[in-house]
Amino acid sequence: MAVKNIVHDESEQIFSRACRALPGGVSSPVRAFRAVGGTPPVIARAAGAEIEDVDGNRYLDFVCSWGPLILGHAHQAVVEAVTRAVRRGSSFGAPCEDEVALAEKVIDFYPAAEQVRFVSSGTEATMSAIRLARGVTGRDLIVKFSGCYHGHADHLLVAAGSGLATFGQPSSAGVPEAFAGLTRVLPLDDLPRLEALFAEEGARIAAVIIEPVPANNGLLLPREGYLEALRRITEEHGALLIFDEVISGFRVAPGGLCELSGVMPDLATFGKVIGGGLPVGAFGGSREIMRQLAPEGDVYQAGTLSGNPVAMAAGLAVLTHLQHEDAWRRLDELGAALEERLLPVLKNAPFPVALARIGSIFWMALNTNDPPRAAEAVAPDAGDLYRPLFHSLLNRGVNLAPSAFEVGFISLAHREEHFDRLAETLDAAWAEHPAR
Ligand code: KE4
């Protein structure tokens, strides 16, 4: 397949305006293509498994807006629900029925949630869950794992993943040492280190927060028994276990990793899929813990647009559609089809490539034969090897994440023939890769 003669004039023109009006031209750093170079296409529209830029170039999309679009872009169920909702008013700042219905569905789906609170992003969800854990336990320390990303709340921007992994910044400027000092960071997949930390400071630890399947520094699948061990250790020391299921929630199973692993966290956080592409986050847990939140309890948490009726309608449409379609069986089928189609082609790469996958989430681990289970085990030259690969794919109309550390997503709009196209495009990319 010849490299498409991609015209970028409109994107270049609009993005140069963007760079004058917005820092880096973006509203979120990883979109700026700094890790892969070049100018990001400015997207005009999207439908199903495709996105189209302002120059009319169309791309087969495996970013899916970083996970939310599990039904595909502009799905009819979401468009109709949002249109109906917004005609009734965009925001009330008061209880609304769809907020209750979505909360009831989340509680129905997620085994560890007896109550939930809605917010407007995954960051707000994890920030609020941690404040609640500190309020409930009366303790200050939080434990996170290097490479796990839980949004950009100050105390969590320590050895994070996602954009921070992409930029190689172990932590962010602007975070006072006093804030970061209450966060302990350990490597994933190292239980002796966790046991030792708890032996030393367990009485001060409010919570351990983890992406139960880390997907922001590559897809770092946990070893058998690892999550169970986290549950045991936190329970022994009276610390809460927080599953950050912003990516995995409602995607890998109705009840996320909680359902797949059978491990019950004390709190779980959600985002992405639960909003169907609109700004929704949520956190949930036992009634006993959740009732510590204002207005019932003394842990304050609030938000003008939390439980927004239009966003709630979108989330409800997505979860309802997933349920009726028995979507998770189909998403697993599609994930298996992608893996079967890609494995032979990965062998043609000019360096080792391992495929990590869980359900409809996948990641190519470059320059290694075994998918890493910790950020420290990701090949140090993964970013360099990924850069030319990314552009070869993009120039052939296939959109993967502009970072070696972000995962790919499959939606219900994807078909097996899309994976054939990805495989063919990868083969062409290997042929022209500088490592060849
Ligand atoms: P948001 O605040 O971006 O809605 O969610 C933060 C967050 C929390 N927890 C996990 C496990 C997450 O993956 C995220 C956000 N994910 C990144 C990319 N993997 C969002 C992309 C971006 O920052 O633009």
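**A loop residue and the ligand site**

Modeller: Ala302 is partly exposed, because its relative accessible area is 43%, and that term covers values between buried, under 20%, and exposed, over 50%, with a 1.4 Å probe and protein chains only. This is a predicted model, in which local features need pLDDT of at least 70 and side-chain atom pairs count only at pLDDT 80 or more, while totals for chains, interfaces and linings use all residues. Residues are numbered from 1 along each chain as its sequence is written, and side-chain values use heavy atoms, with hydrogens and water left out.

Ala302 sits in the loop between α10 (287-290) and α11 (309-324), where helices are DSSP runs of H or I with at least four residues, numbered from the N terminus. Its C-alpha atom is 18 Å from that of Ala268, which is 34 residues away along the chain.

Turning to the ligand, 17 residues surround it, and the closest are Ser28, Thr123, Asn216, Asp244 and Glu406; a residue counts here if one of its heavy atoms lies within 4 Å. Domain 1 (9-74 + 327-432) and domain 2 (76-324) both contribute residues to this shell, so the ligand lies between them, the bounds coming from an automatic or database domain assignment.

Among the polar contacts, meaning pairs of N or O atoms within 3.5 Å, a polar side-chain atom of Thr123 is 2.6 Å from a ligand oxygen atom, whereas a side-chain N or O atom of Asn216 lies 2.6 Å from a ligand nitrogen atom.

Definitions and conventions. A polar contact is a pair of N or O atoms within 3.5 Å; within protein, one must be able to donate a hydrogen and the other to accept it, and residues adjacent in sequence count only if both atoms are side-chain atoms. Helices (H or I, at least four residues) and strands (E, at least two) are DSSP runs, numbered from the N terminus.
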